[in-house]
Structure formats: structure tokens, C-alpha cells
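Please keep the sequence and the structure in view while reading.

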Amino acid sequence: MFVDRLLATLVHLRHATTHDVLACWFGVDRSTITRAIGEVRPLLAERGCTVSPGVRLRTLAEVVDHLGSSGTTGIIDGTEIRVRRPAAGRRDRDTFISSKNKQNAVRTMIVTDGEGRVLWCSPARPASCADITHARQLGLVKLLADGPAVEILADAGYQGLGAQTGGRVITPPHRKFKKNAPDWYEEIHERQRKAHSSRRIRVEHGIAHLKNWRSLARHLGRREHICDTVQAVASLLSHQQIADLDPTPQT
């Protein structure tokens, strides 16, 4: 039954339960669980992120249009998900090594609204790709330059996008003095930095909710499945976040 296949996939994504355990639970062969998860996981990923009942965002272009039409501030940030190390001798082995923590990982860009609700997760890229490079490859610069007037908050990893998007991407202020800065400048710079950080901190909350799903805390499966896994979890999480806002009692 499809319900059983869906349930097995949800348990696997939420708790990273192995296929062997799920097979014992449902009383089927391990290959049946593997096939079921392989069929249902892409379907969940294709649903997109729910922003209101009946409205889902599936592409970055749809996210930009939504932010523009609703007048909502967006927040972007990159996060890394640890993966298994590629086998020795593979040509792309070093591309998965993160420049931050020197571990094998993939990187995905998260977009949330000002309240930290997930609006979109990008496909995963090897962790050697910088945040700003990933954003450019996703077409964010063109979408913002040619699209509606929106405000998107980002951290220092995206400095440079503001000038390329007509100020639509707002990053922490640059330091004008690297050495021997006057006290008055340090005070102003620190106040501006904290004000910006307090506005964009909600994206960290959204990322934390994603990482609560064990399949994203550390991905132990095949790397070719990580894109579907990330977007499936984002779809399920966004639906739950919208459901939590609905005051109508569930029956």
C-alpha cells in the first residue's frame, strides 16, 4: 500500500532508521523498503515548500516572486551536511572537503522568511563551493536584478551580491579600518553588525529545524540521493510549520 511506503519513507527521513530495521517493522524484504523509499522520496521533493494552504514554492524564481508580491523579507544562508567520503582514486574526491571544517560534506542554500519559516532549499553541491559562488550558480543575481524589489538578508559570506543586485541583498557592513580604528567607529560598526545579525538570526532557526531530521544531521546514504533528501525534508517541514500556524482544531 502507498500509505505504508509513505510511512516507511517518513520514518527513514525523520529518524534515519536503516532499511533493515524498517523491513523488520513492516514484515517485508529489505529490497522492498529500498525500492519504496526510492520511489516516494522524489515525490516529496517535488512538492515544494508550503507557504500557505494550497500554495507551494518549487523554484528560486517562485520564491523571489513570492517575496516581491507579499512584501516579505527573505533570509538566505548556506549550510553543510556531512556525507561519506568518496572512494580513493575518484577524480572528484577533494571537491567534497569543506573549507570550513575540513570534513566531507555537501552544501545547500536555505531561504526563509523573516520568521524563519523555510521557503526553499537548493539542490546540494560539494562543500568546496563557496556560499556566494553557489548563489550565483543558482541564478540569484539575475533573478534579483531583473525581478521585483525585494529585501534579502545574508551574512558576510555573500558580500558582493549587494552591488550586483542593486542593493537587494543586504550583508553586514564592511570594515573601513582594518587597523587602529577609532573608538567611535568601532562602536558604530559593532552596533550595525549586531542589528543586522539580530534580523537574520531567524534563518539559523530554520536550519536548526531542518537538522533536527536525522537524515540531514549526517547523511549516511548515497550522495546522489542527498538532493532529494534535502528538498523532501524541507517540503515536509514547511508543511508542518504552516499547519502549526492554523488555529483551526484538527479532527
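The sections below describe a helix, a strand hairpin, several salt bridges and a surface patch in a predicted model.

## Helix H1 and the residue after it

Helix H1 covers residues 2–15. Its 14 residues should span 20 Å at 1.5 Å a residue, and this agrees with the 20 Å between its end C-alpha atoms. The buried residues of H1 are Ala8, Thr9, Val11, His12 and Leu13. These buried residues pack against four other helices: H2, H3 (30–46), H10 (214–217) and H11 (226–245).

Ala16 is found in the loop that lies between H1 and helix H2 (19–26). Just after H1, this residue takes a positive phi of about 55 degrees. Is Ala16 buried or exposed, or does it fall in between? Its relative accessible area is 34%, so Ala16 counts as partly exposed, because that class lies between the limits of 20% for buried and 50% for exposed. Leaving aside residues up to four places away in sequence, Ala16 touches Val11, Arg214 and Ser215. The C-alpha atom of Ala16 is separated by 18 Å from that of Val106, and these two residues are 90 residues apart along the chain.

Strand E4 (residues 105–113) and strand E5 (residues 118–121) run antiparallel and are joined by three bridges. Which residue of E5 is the bridge partner of Ile110? The partner is Cys121. Four residues lie between the strands of this hairpin, in which Gly116 takes a positive phi near 90 degrees.

## Salt bridges

Side chains of opposite charge can pair when their charged atoms come close. A search of the whole structure finds 13 salt bridges. In one of them, the side chains of Arg107 and Asp131 meet at 2.8 Å, N to O. Arg107 belongs to strand E4 and Asp131 to helix H5 (residues 131–137), so this pair ties together parts that are 24 residues apart in sequence. Both Arg107 and Asp131 are buried.

Another salt bridge joins the side chains of Arg193 and Glu190, with an N to O distance of 2.6 Å. Arg193 and Glu190 are separated by about one helical turn, because they are three residues apart in helix H8. Arg193 counts as partly exposed at 34% relative accessibility, and Glu190 is partly exposed with a relative accessible area of 31%.

The side chains of Glu204 and Arg200 also meet in a salt bridge, at 3.3 Å, N to O. Glu204 is partly exposed, with a relative accessible area of 31%, whereas Arg200, at 8% relative accessibility, counts as buried. Which residues are linked with Arg200 and Glu204 in a network of salt bridges? Asp77 and Asp155 are linked with them in that network.

## A nonpolar surface patch

Phe177, Trp184 and Ile188 make a nonpolar surface patch of about 290 Å². Phe177 lies in the loop between strand E8 (169–170) and helix H8 (183–200). With 31% relative accessibility, Phe177 counts as partly exposed. This value meets the requirement for a patch residue, because such residues have over 30% relative accessible area.

Methods. Residues numbered from 1 in each chain as written. Predicted model: local features only at pLDDT ≥ 70, side-chain atom pairs only at ≥ 80, totals over all residues. Heavy atoms only, no water. Patch = residues over 30% accessible without salt bridge, like charges linked within 9 Å, V, L, I, M, F, W, Y side chains within 5 Å. Areas by Shrake-Rupley, 256 points an atom, 1.4 Å probe, with all protein chains shown as cover. Salt bridge = Lys/Arg side-chain N within 4 Å of Asp/Glu carboxyl O. Helix = DSSP H or I, 4+ residues; strand = E, 2+ residues; numbered from the N terminus. Buried < 20%, exposed > 50% of the residue type's maximum accessible area, 1.4 Å probe, protein only. Pairing = 2+ DSSP bridges. Contact = heavy atoms within 4.5 Å. Expected span 1.5 Å × (residues − 1).
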